[in-house]
Amino acid sequence: MTAIQKADFIESVESALQYISYYHPKDFIDSLHQAYQIEKNPAAKDAMAQILINSRMCAEGKRPICQDTGIVTVFVKIGMRVSWNTDMTVQEMVDEGVRRAYQNAENPLRASIVKNPVGPRVNTKDNTPAVVHVEMVEGNKVDVTVAAKGGGSENKSKFVMLNPNDSIVDWVLKTVPTMGAGWCPPGMLGLGIGGTAEKAMVMAKESLMDPIDIQELKSNGAKNSVDELRLELFEKVNQLGIGAQGLGGLTTVLDVKIKDCPTHAASLPVALIPNCAATRHAHFVLDGSGPSFVEAPALSDWPEIARQGGDQAKHVNLDNISQAEIESWQPGDTLLLSGKILTGRDAAHKKIKDLLDSGKSLPEGVDFEGRFIYYVGPVDPVRDEVVGPAGPTTSTRMDKYSDMMLNAKSEGGLGLMGMIGKAERGEFALESIKKNKSVYLMAVGGAAYLVSKAIKQSRVVAFEELGMEAIYEFEVQDMPVTVAVDTNGDSVHKSGPQIWKLKIQEHA
């Protein structure tokens with residue numbers, strides 16, 4: 001029997017979570033760089049450049065790739081000839097590792113987990129509990145895979161019970177466009193096929209832990225029906241033209257992973273879970289000899305990338321901006337923002353609405369009129385940082401507040417001029433933007449550390465009790481964004497994929 005020590009297990013989980021917060025897997029970097037080299041859409045190419053530059057910066061600075069440091073999922077495979085020297089359960093040991101990793105003083109990770117999901121949604125403050133899957137297997141070792149999944153991609157998970165003779169390919173090709181860009185493509189798609197509903201979902205998630213190998217599969221050829229399905233989906237999903245960050249382009253997915261198992265003769269369960277550009281997972285094995293650590297990669301594994309899109313960018317002073325200037329912007333334009341912006345996301349918007357509905361005033365010093373808001377929940381700063389990694393959150397969650405924020409004060413609104421966030425906007429927000437001659441700008445999801453370097457000053461101006469969801473005022477310098485929706489309500493997330501889907505078909 002192999003004896004596994006409690007301290008070794010906890011220390012290994014903590015180490016793995018710190019590791020994946022700032023190191024991308026090498027297979028992801030290689031695959032994304034390959035996609036970057038062949039990309040023809042300048043906006044998508046620039047987005048991939050930002051992700052690659054951000055990845056190298058995080059590896060060097062050991063700071064989170066994305067401000068959303070995720071909900072932790074751990075797959076624990078315990079050998080039947082293993083004994084434990086512990087007074088804690090596996091769940092408790094995992095949670096202690098999570099607690100230590102997320103409260104690490106050198107690299108604190110954002111606590112995003114709330115208890116009581118139906119309310120009150122109170123933050124647990126240490127990102128516990130984790131989601132733990134335990135399986136008993138042959139052997140005398142403990143095999144552990146640790147992952148951290150951001151909400152933007154996790155929220156795009158899909159499930160369907162198809163009829164046995166239905167087409168999986170047709171369902172995937174119909175479903176992926178409905179996911180928008182909130183999952184931060186290019187990334188991976190994980191499919192679980194078969195079993196029962198819950199088994200399919202777990203298989204889909206676990207498939208994302210496998211290395212990217214689609215190019216090797218293309219070279220060697222399919223050996224079975226699952227290989228054939230992977231290759232077909234990889235080709236056809238990329239032909240949709242969704243592209244990096246949903247801007248349109250040649251690469252939407254870097255790989256399609258599939259796990260399958262036997263199922264009922266009357267059933268065809270299919271689960272689809274995307275992995276975003278902040279692909280975070282690590283694997284280690286405990287054999288009783290002590291804690292296990294994932295070997296750090298060499299910085300030479302990262303390509304040297306320069307942002308080509310920055311040369312054509314328009315410099316914008318947000319402290320002295322006119323309506324005429326924002327009306328001159330076109331969808332797809334690259335801007336470099338300087339000046340003061342306010343922040344706010346779900347919880348802040350709800351508190352604002354509650355105050356207005358009750359006839360109360362906004363907190364002193366909070367005035368949105370003629371200003372821009374950034375949808376962000378930053379990581380706490382360390383050392384000499386002004387703010388920790390501060391990438392955008394998915395903007396559609398704020399769509400229902402669009403009129404409240406954008407309408408003129410004379411119409412009962414707050415007079416906001418523009419919004420900055422991640423991914424597309426829904427129809428309600430588009431109509432509100434068009435009506436108010438406002439604008440929506442997109443920052444790159446998966447480039448949080450890079451974005452944070454553009455933030456020169458930061459202070460909390462309201463709702464400090466909300467932590468990372470408080471309203472901050474940032475002073476930014478040359479913050480890179482793309483015009484996603486212009487003052488006419490035209491969205492690059494609609495036009496870009498349509499244009500590139502046609503271009504791909506024409507050159508097929």
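Reply: Let's start with Tyr22, which is buried because its relative accessible area is 11%, under the 20% cut-off for that word. Do keep in mind that this is a predicted model. Tyr23 is buried as well, with a relative accessible area of 9%.

A pair of aromatic rings is described by the distance of the centres and the angle of the planes. In this structure, the count of aromatic pairs is 5. One of them joins Phe9 and Trp84, with 5.5 Å from centre to centre and 75° between the planes, in an edge-to-face arrangement. This pair links distant parts of the chain: Phe9 belongs to helix α1 (residues 6-22) and Trp84 to strand β3 (residues 82-85), 75 residues apart. Phe9 has a relative accessible area of 0%, so it is buried, while Trp84, at 27% relative accessibility, counts as partly exposed.

Now back to the tyrosines. The ring centres of Tyr22 and Tyr23 are 4.9 Å apart, which is within the 6.5 Å limit for a pair.

The charged end of Lys351 is placed over the ring of Phe463, 5.3 Å from the ring centre. Likewise, Lys503 lies over the face of Trp500, with 4.3 Å to the centre of that ring.

Next, the cysteines. How many disulfides does a search of the whole structure find? The search gives 0 disulfides. Take Cys58: the nearest cysteine sulfur belongs to Cys66 and is 9.4 Å away. A disulfide needs two sulfur atoms within 2.5 Å, so that distance rules one out. Cys58 is buried, at 0% relative accessible area, whereas Cys261 is partly exposed, at 22% relative accessibility.

Finally, a pair of helices. Helix α2 (residues 26-38) packs with helix α3 (residues 42-61) at an angle of about 150°, and their axes are 9 Å apart. That angle makes α2 roughly antiparallel to α3, because the term covers angles over 145 degrees. The crossing of α2 past α3 is left-handed.

Terms used
Residues are numbered from 1 along each chain as its sequence is written. This is a predicted model: local features need pLDDT of at least 70, side-chain atom pairs count only at pLDDT 80 or more; totals for chains, interfaces and linings use all residues. Side-chain values use heavy atoms; hydrogens and water are left out. Rings of Phe, Tyr and Trp (its six-membered ring) pair if their centres lie within 6.5 Å; planes under 30 degrees apart count as stacked, over 60 as edge-to-face and the rest as tilted. Helices (H or I, at least four residues) and strands (E, at least two) are DSSP runs, numbered from the N terminus. Buried means under 20% relative accessible area, exposed over 50%, partly exposed in between (1.4 Å probe, protein chains only). A charge sits over a ring if NZ of Lys or CZ of Arg is within 6 Å of the ring centre and within 35 degrees of the ring normal. Axes are lines fitted to C-alpha atoms, for helices over the stretch in contact, and angles run from 0 to 180 degrees between N-to-C directions. Angles under 35 degrees count as roughly parallel, over 145 as roughly antiparallel, 65 to 115 as roughly perpendicular and the rest as oblique. A crossing is left-handed if the near helix is turned anticlockwise from the far one by less than a right angle, and right-handed if clockwise.
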